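The sequence and the structure are shown first, and the description follows.

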Amino acid sequence: MTSAHTTGVSRTAVIPAQARAAETRRSDRLFTDPYAQAFVEAVGWIQVAEAGRLNQEHFVLRTRFFDDYLTSASSSGCQQAVVLAAGLDTRAFRLPWPTGFRFFEVDLPALSGFKAAVLGAHRATPTCDRRVVISDLREEWAADLIAAGFDPAAPTAWLIEGLMMYLEPGDNDRLVKEVDRLSAPGSRIALEHVNRAYVDLPEMRAVHERLTRVGAAWRSTLEDPTGWLADFGWRSQVTPQTALAAAHGRPVPPLTDPDRVGAARMWLVSGVRGDRPEDRSDHRW
């Protein structure tokens with residue numbers, strides 16, 4: 001299998017896989033991803049711009065942050081998880097899950113097919129009830145999710161990692177509205193996004209040029225993620241990379257270090273669905 005199988009936004013999924021593969025080789029690794037190297041070998045190593053090198057530790061800390069989020073959610077009442085634009089996520093195979101836990105991966109057919117081929121070649125076995133949903137998140141995806149066995153009445157852990165910057169603002173609004181509509185009390189959400197100052201960093205210029213050439217331009221930013229989520233009925237908080245780096249004994253990723261980038265932010269956000277009437281948004285469908 002070659003890089004021809006992954007283009008545009010899908011091809012960008014290989015870059016974090018490279019970081020996960022490198023982290024897995026460390027003796028002091030923050031996680032183990034036994035399949036990341038297989039994805040890299042199947043596509044071929046992608047040369048990254050300066051920003052990619054500066055952000056490798058961000059990809060590592062981000063992976064551990066969302067790993068911990070999902071593990072906590074599954075042990076605190078969530079009975080299923082949904083990863084939107086799952087890409088080359090392997091958490092269904094590498095994290096410990098409660099018996100009967102359902103894990104839904106939603107993504108486009110080309111990337112899902114590539115992923116299935118690589119995992120199949122390595123005889124990967126999920127540690128949960130894994131279900132792949134082929135759907136376009138810019139269209140009507142909820143029906144496909146429900147048809148795959150998703151239960152809107154059960155508490156859910158939602159993950160939106162490495163996606164929102166590629167969508168238009170209106171698409172992100174509709175996505176989170178639909179997530180809210182499908183979320184039972186006790187559900188959780190975690191996501192990643194960036195603000196405008198991050199997009200405008202000089203180090204990101206080459207990245208944007210390359211992403212535009214492959215049809216994966218960034219189309220949105222977010223200045224106040226907790227306020228934005230509150231409008232849709234979610235109480236949330238931002239966890240800065242400085243805190244994650246300190247907790248795990250790692251250097252702060254250069255392009256997320258306020259001492260270097262000032263107001264630029266790559267947001268890592270987690271929250272819970274508001275259960276009180278005053279927490280519910282008028283924007284809810």
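At what angle do helix 5 and helix 13 pack, and how far apart are their axes?

The model described here is predicted. In it, helix 5 packs against helix 13 (residues 241-248) at an angle of about 85 degrees, and the two axes are 10 Å apart. Angles of 65 to 115 degrees count as roughly perpendicular, and helix 5 and helix 13 are therefore roughly perpendicular to each other. On the side of helix 5, the contact is made by His-58, Leu-61, Arg-64, Phe-65 and Asp-68. Helix 13 contributes Gln-241, Leu-244, Ala-245 and His-248.

Helix 5 also packs with helix 2, at an angle of about 80 degrees and with the axes 9 Å apart. That angle makes helix 2 roughly perpendicular to helix 5. Here Ile-15, Pro-16, Ala-19, Arg-20, Ala-22 and Glu-23 of helix 2 meet Gln-56, Phe-59, Val-60, Arg-62 and Thr-63 of helix 5.

## The chain as a whole

The chain contains 14 helices and seven strands. Of its 285 residues, 55% are buried. The accessible surface comes to about 12200 Å², and carbon and sulfur atoms account for 50% of that surface.

Which share of the contacts joins residues at least 24 apart, among contacts between residues at least 6 apart in sequence? The share is 81%.

## Salt bridges

The count of salt bridges comes to 22. One of them joins Asp-67 and Arg-94, with the closest N and O atoms 2.8 Å apart. This pair links distant parts of the chain, since Asp-67 belongs to helix 5 (residues 56-74) and Arg-94 to helix 6 (residues 91-94), 27 residues apart. Both Asp-67 and Arg-94 are buried.

A salt bridge is also formed by the side chains of Asp-89 and Arg-91, at 2.4 Å from N to O. Asp-89 and Arg-91 are both buried.

## A pair between strand 7 and helix 9

The side chains of Arg-273 and Asp-180 meet in a salt bridge at 4.0 Å, N to O. Arg-273 lies in strand 7 (residues 266-273) and Asp-180 in helix 9 (residues 169-181), so that the pair, 93 residues apart, links distant parts of the chain.

Are the two partners buried or exposed? A residue counts as buried when its relative accessible area is under 20%. Arg-273 has a relative accessible area of 7% and is therefore buried. Asp-180 is buried because its value is 1%.

## The surroundings of Asp-33

Asp-33 is placed in the loop between helix 2 (14-24) and helix 3 (36-43). With a relative accessible area of 2%, Asp-33 is buried. A polar atom of its side chain lies 3.1 Å from the backbone nitrogen of Tyr-35.

Which residues does Asp-33 touch, not counting those up to four places away in sequence? They are Arg-20, Thr-24, Thr-90 and Arg-94.

Conventions
Residues are numbered from 1 along each chain as its sequence is written. This is a predicted model: local features need pLDDT of at least 70, side-chain atom pairs count only at pLDDT 80 or more; totals for chains, interfaces and linings use all residues. Side-chain values use heavy atoms; hydrogens and water are left out. Helices (H or I, at least four residues) and strands (E, at least two) are DSSP runs, numbered from the N terminus. Buried means under 20% relative accessible area, exposed over 50%, partly exposed in between (1.4 Å probe, protein chains only). Contact means heavy atoms within 4.5 Å. Accessible areas come from the Shrake-Rupley method with a 1.4 Å probe; for residues, only the protein chains shown count as cover. A polar contact is a pair of N or O atoms within 3.5 Å; within protein, one must be able to donate a hydrogen and the other to accept it, and residues adjacent in sequence count only if both atoms are side-chain atoms. Axes are lines fitted to C-alpha atoms, for helices over the stretch in contact, and angles run from 0 to 180 degrees between N-to-C directions. Angles under 35 degrees count as roughly parallel, over 145 as roughly antiparallel, 65 to 115 as roughly perpendicular and the rest as oblique.
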